[in-house]
Amino acid sequence: MEHEHTPLRSAAVLALCGLFAVLAVGLALLSSGVYRRTAEAADENAVRRTALSYLINQVHRADRDGGVAVGTFGGSDALALTETVEGASYVTLLYCLDGQLMELYTEAGSGLTPADGLAVLALSALTVETDGERITFIVTASDGTVSTASVSPRCGFEEVGEL
């Protein structure tokens, strides 16, 4: 028996192929949105982890070489890490300004302002808290997500006003 190719059978095959194509495109669009949101969340998480790691490593470096102080710089919470190089005192100030974690390395008492620092990475806010033994960093990413980490410098730290 010979198979006939009826117009109804051809239309059904075309409709099935069309449906498959539409579903494939829809699935691709849906999965690209999921991927984009996942990648953005991973980037924000990486920024927070990098910021906390950077701050803690800077405290460890200063703990070995000099002194650690917590205060404010330009009205924002800041960390001051002091070291002596060839008899001169230098300070590294870490603070947040205009959505950026900033670093300012300068000779102590130079009179530089927060705008003179260099942007390290995007960060909405940095809060530095102390409890007498530990320094706690609270970082806020651009999406508003907050992360914290604490460090206890061996050399201790000073709580000062304006740096």
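Helices (H or I, at least four residues) and strands (E, at least two) are DSSP runs, numbered from the N terminus. The model is predicted: local features need pLDDT of at least 70, side-chain atom pairs count only at pLDDT 80 or more, and totals for chains, interfaces and linings use all residues. Residues are numbered from 1 along each chain as its sequence is written, and side-chain values use heavy atoms, with hydrogens and water left out.

**View 1. Helix and strands of the protein.** The protein contains 1 helix and 9 strands. Their order along the sequence is α-β-β-β-β-β-β-β-β-β. The radius of gyration (taken over C-alpha atoms) is 28 Å, well over the 15 Å that the globule rule gives for 163 residues, so the protein is more spread out than a compact globule. That rule is 2.2 Å times the number of residues to the power 0.38. The C-alpha trace spans about 100 × 30 × 30 Å along its principal axes.

View 2. Buried means under 20% relative accessible area, exposed over 50%, and partly exposed in between (1.4 Å probe, protein chains only). Of the 163 residues, 31% count as buried. Cysteine 96 is buried, at 10% relative accessible area, whereas cysteine 155 is partly exposed, at 41%. With a disulfide taken as a pair of cysteine sulfur atoms within 2.5 Å, the count is 0.

**View 3. Charged side chains.** Lys and Arg count as positive and Asp and Glu as negative; His and the chain ends are not counted. The protein has 9 positive and 21 negative side chains. The centres of these two sets lie 12 Å apart, with each charge placed at NZ of Lys, CZ of Arg, CG of Asp or CD of Glu.
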